[in-house]
Amino acid sequence: MSSRRGVGLSAFQNRSALSTSYASHGASLRSTHVSSLQNQLSVFQSLLHNFALQHGDTIKSDPSFRAEFARMCNAIGVDPLAGSNVKGKSGGKAGGRGSWWAQMLGGDVNDFYFELAVRVVELCRATRGENGGLIGVEACRERVGKGKGIGGGMDITDDDVLRAVKSLDPLGSGFSVVTVGSRQMIRSIPKELNTDQSTVLQAIQVLGYVTCSMLEDNLAWEQARAETVIQDLLADSLVWVDEQCPEKEYWSPIAMGSDDL
């Protein structure tokens, strides 16, 4: 006859008490961990605030330094453009708290990106007839940097241009950054490129130009398909046609140097 005793009610009660103890201990650890993280975040924000105040002028004037500062913010999940307020609303100079970036630097540094965004919008609109509303980020930076037709130049980087375009998102402006082939482009029209159009633009980036026969031979497209895609791109001013060749050649202003735009 076995001498083992069955599990009684007290065993279940002990197990329940043990589970409650573990849960209580876990909650205590989580609370301590959260409190520690909050303290660390508070210290870091204070240090970041002092750093931003000390180097505010450099952040505003030096594009490389500004980009590195922005990357540092992104690395800890802080978006410098988050919570930006437009002048005239409850922002810094109107008596409100303003954006995080403005508070950090003690002024409305977002004005830099707002001004840059305005210049990007002006440039995209001015060149829309030439490029169909699709301009390379690098070309945009060079044109804005030189200040052609939109006032004085600005010392900026591609990263600044991308952030300026991002700052337009809350306005529902239709401006966005798309990738065509290996290049980042700013699209200032709401129309989406379909797969065939993107393929043709990528081919132009590589080859310099395309013809309908080139598309038919290399992509195994039917003549009607190649001609339809080309005509759609021509209608949107995304490609130009050279009729002086034996077969019409189609070039894209996007693939040309910024001086040709």
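Modeller: Buried means under 20% relative accessible area, exposed means over 50%, and partly exposed lies in between, with a 1.4 Å probe and protein chains only as cover. This is a predicted model, where local features need pLDDT of at least 70, side-chain atom pairs count only at pLDDT 80 or more, and totals for chains, interfaces and linings use all residues. Residues are numbered from 1 along each chain as its sequence is written, and side-chain values use heavy atoms, with hydrogens and water left out.

Start with the whole. Of the 261 residues in the protein, 34% are buried. The protein has 10 helices and 5 strands, taken as DSSP runs numbered from the N terminus (helices: H or I, at least four residues; strands: E, at least two). Take the contacts (heavy atoms within 4.5 Å) between residues at least 6 apart in sequence: 54% of them join residues at least 24 apart.

Now the cysteines. Cys212 is buried, at a relative accessible area of 12%. Cys245 is partly exposed, at 23%. The structure has 0 disulfides, a disulfide being a pair of cysteine sulfur atoms within 2.5 Å.

Helix H6 spans residues 137–146, and its buried residues are Val137, Ala139, Cys140, Arg143 and Val144. Seen down the axis of H6, these residues fall within an arc of 160°, so they line one face of the helix; the arc is taken from the directions from the helix axis to the C-beta atoms. An α-helix has 3.6 residues a turn, so residues three or four places apart point the same way.

Next, helix H8. Ser198 lies in H8, residues 195–207. Ser198 counts as buried, at 19% relative accessibility. Leaving aside residues up to four places away in sequence, Ser198 touches Val180 and Leu193.

A cavity is a set of points on a 1 Å grid over the protein atoms alone where a 1.4 Å probe fits but cannot get out; lining residues have an atom within 4 Å of a point. The largest cavity has a volume of about 40 Å³, and the structure holds 2 cavities of 30 Å³ or more. Volume here is the space filled by probe spheres set on the points, which are joined across faces, edges and corners.

For contrast, look outside. Ala220 sits in the loop between helix H9 (212–219) and helix H10 (223–235). Ala220 is exposed, at 67% relative accessibility. Its phi is positive, about 60°, although Ala220 is not a glycine.

Methods
1 Å grid on protein atoms, 1.4 Å probe; cavity = no way out; pocket = protein on both sides within 12 Å on 5 of 7 lines; lining within 4 Å.
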